[in-house]
Each structure stands twice: as C-alpha cells, then as structure tokens.
Amino acid sequence: MKKILLVETKLHLREVGTVVFSIVLPVALLLVIGSIPQLSEPNPAFGGERMIDTHLPAMMTLLALLTLAFTVLPAVLATYREQGVLRRMSTTPMHPGRMLAAQLVINLVLGVAAIVLLVVAGRLVLGTALPRLPVGFVLVFLLGAAALLAMGLLIAALAPSGKAAPLIGTSVMFPLMFVAGMWVPREVMPDALRAVGDYSVAGPFAQALRATWAGQWPEPANLVVMGAGLVLCSALAVRFFRWE
C-alpha cells in the first residue's frame with residue numbers, strides 16, 4: 001500500500017493541472033476577489049460578517065474539493081480501467097481496491113493542503129478570520145470531503161472512458177457550485193433555487209463551513225444531507241464500479 005501511495009503521489013504531482021486547478025487556483029481567486037474593498041466591509045446579509053471571513057473562504061474550499069472529486073479522481077480511475085491497469089492488478093496479490101484507496105487518500109491530502117493554504121494566505125494577505133470553531137470545522141471538512149469524493153467515485157464508476165470522466169464531472173460540478181452560492185449568494189437566491197441547493201450536498205457543505213468559520217455549529221439538516229450523500233453515493237459507486 002505504501003508503494004502504491006508513493007507512486008501515485010509522484011504521478012499526481014507530475015500533472016501540473018492537478019496542482020494548479022485544485023490548490024493554486026482557489027488560493028489565487030481568494031486573494032484576487034478578496035482584495036475588492038466592498039468584501040472587507042460588514043455585510044448585513046451575512047449577519048454582519050465580512051464576506052472575506054466566511055463566505056469567500058468556504059466557496060474556495062468547496063471549489064478545491066469539487067475539482068479534486070469531480071475531475072481529478074474520476075479521470076484517473078476511469079483511465080486506469082480503460083487502459084487495463086485495474087484488470088491486471090486484479091490478477092495479482094495487489095488488489096485494485098488498494099489503488100482506489102490510494103486515490104482517495106491522495107485526493108484528501110491534496111484537499112487538506114488546499115484548505116491550509118487558503119487559511120494561511122487569507123490570514124496573512126487579507127486578514128481573514130480563522131475558523132472560530134476549529135473542531136467543528138475539521139469534522140465538517142472531513143464529512144463534506146468524504147461525501148464529495150464518494151460522488152466522484154460514482155462518476156468514475158459510470159464514466160465510459162477516461163476522457164469522458166472529467167467532462168461528466170465538470171458538467172455536474174458547475175451546477176453544484178451555482179446552487180451552493182459560488183456566484184450568487186444563497187441569501188439572495190429565489191426560494192425554489194435555494195431549496196434545490198439544500199439537498200445538493202455541495203450547498204449544505206458550504207453552509208456548514210461558513211457556520212464553523214463564524215464560530216457556530218452547523219445546522220443538523222446540513223450534516224444529515226452530507227451524511228446521506230456519502231452513504232448513497234458510496235453504495236452506488238460500489239454497485240456500479242467495474243475493474244475492467
């Protein structure tokens with residue numbers, strides 16, 4: 001398992017796009033968008049909080065994890081299946097399930113790296129607030145990351161090829177980003193659209209992150225939706241995943 005992790009980590013780091021779009025881009029967007037003066041002022045729509053303290057960091061965290069879960073993970077696994085890597089591994093003592101586990105671990109570590117850089121860069125450059133409920137923040141991050149990665153595994157299971165996987169992932173990712181409040185804050189969305197976001201996993205994840213950043217425990221409904229998404233997508237991914 002250690003050897004697989006080492007090899008796959010090297011392969012991931014060789015892909016410049018993986019690092020740029022999952023880590024560098026969210027940090028860059030945080031710093032660029034966060035430099036807009038209006039975002040540094042208290043906003044009544046966010047309970048008097050500044051957008052750069054809760055909303056913007058949560059959205060950039062979501063962007064990093066969605067990129068990893070919906071484009072990077074499905075593309076790698078679908079390509080390995082298409083090339084016969086998983087089939088060949090299934091004939092050896094090194095079960096392909098270890099490859100799947102290695103991919104999950106690597107993408108989770110990349111997600112952790114992204115959030116660490118977001119928090120540090122935001123604090124040093126913009127003076128953004130640190131998560132005021134750190135324990136809750138870590139729990140929400142792990143649950144949300146697991147749910148999104150499970151969705152990525154489902155995409156990998158259903159994708160017909162390595163090239164199709166990131167296209168399918170991207171086509172799902174952008175609507176999820178929208179209903180989560182990436183471009184239009186949920187506070188100003190129509191009720192119907194906000195209701196859709198409440199059950200999207202991405203929306204509850206973003207809301208729970210914002211709550212812990214503001215020092216509040218997330219609403220139980222958001223945790224339930226993330227947990228349900230994790231269980232459902234994991235079960236479907238196991239049901240439909242093919243080694244060849």
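This is a predicted model: local features need pLDDT of at least 70, side-chain atom pairs count only at pLDDT 80 or more; totals for chains, interfaces and linings use all residues.
## The overall picture

Let's start with the whole chain.

## Helices α3 and α7

Helix α3 covers residues 55–82, and it packs against α7 with the axes 8 Å apart. The angle between the two is about 165°. Since anything over 145 degrees counts as roughly antiparallel, α3 and α7 are therefore roughly antiparallel to each other. As for the handedness, α3 passes α7 in a right-handed crossing.

Which residues do the touching? On the α3 side they include M59, L62, L63, L66 and F70, along with T67 and T71. On the α7 side, look for A165, P166, V172, M173 and L176, among others. The residues of this α3 and α7 contact split into 15 nonpolar, 4 polar and no charged.

## Helices α6 and α10

Now for another pair, further along the chain. Helix α6 runs over residues 134–158, and its axis comes within 8 Å of that of α10, with the two crossing at roughly 30°. That makes α6 roughly parallel to α10, because angles under 35 degrees count that way. The crossing of α6 and α10 is left-handed.

In α6, the residues at this contact include V140, L143, A147, A150 and L154. They meet a set in α10 that includes L223, M226, L230, C233 and F240. By type, the residues in the contact of α6 with α10 come out as 17 nonpolar, 3 polar and no charged.

While you're here, have a look at A235. This residue sits in helix α10, which spans residues 220–240. A235 is partly exposed, with a relative accessible area of 46%. The C-alpha atoms of A235 and A150 are separated by 8.9 Å, though the two residues are 85 apart along the chain.

## The salt bridges

Side chains of opposite charge can pair when their charged atoms come close. How many salt bridges does the model have?

One joins the side chains of R50 and D53, at 2.8 Å from N to O. D53 is buried, with a relative accessible area of 6%. Another pairs R186 with D198, where the closest N and O atoms are 2.5 Å apart. R186 is in the loop between α7 (164–180) and α8 (191–198), while D198 is in helix α8, 12 residues apart. Is R186 buried or exposed? R186 is buried at a relative accessible area of 7%, whereas D198 is partly exposed at 30%.

Then there's E187 with R210, whose closest N and O atoms are 2.8 Å apart. E187 lies in the loop between α7 and α8 and R210 in helix α9 (residues 202–213), so this pair ties together parts that are 23 residues apart in sequence. R210 counts as buried at 10% relative accessibility, and E187 is partly exposed with a relative accessible area of 33%.

## Two residues to look up

V201 has a positive phi of about 70° although it is not a glycine. You'll find V201 in the loop between α8 and α9. V201 is buried, with a relative accessible area of 7%.

G34 is in helix α2, which covers residues 16–34. Its relative accessibility is 2%, so G34 counts as buried. What does G34 touch? Leaving aside neighbours within four places in sequence, G34 is in contact with L29, L39, S40, I52, L56 and L126. The C-alpha atoms of G34 and M51 are separated by 8.2 Å, and the two residues are 17 apart along the chain.

Technical notes
Residues are numbered from 1 along each chain as its sequence is written. Side-chain values use heavy atoms; hydrogens and water are left out. A salt bridge is a side-chain nitrogen of Lys or Arg within 4 Å of a carboxyl oxygen of Asp or Glu. Buried means under 20% relative accessible area, exposed over 50%, partly exposed in between (1.4 Å probe, protein chains only). Helices (H or I, at least four residues) and strands (E, at least two) are DSSP runs, numbered from the N terminus. Axes are lines fitted to C-alpha atoms, for helices over the stretch in contact, and angles run from 0 to 180 degrees between N-to-C directions. Angles under 35 degrees count as roughly parallel, over 145 as roughly antiparallel, 65 to 115 as roughly perpendicular and the rest as oblique. A crossing is left-handed if the near helix is turned anticlockwise from the far one by less than a right angle, and right-handed if clockwise. Contact means heavy atoms within 4.5 Å. Ala, Val, Leu, Ile, Met, Phe, Trp, Tyr, Cys and Pro count as nonpolar, Asp, Glu, Lys and Arg as charged, and the others, Gly among them, as polar.
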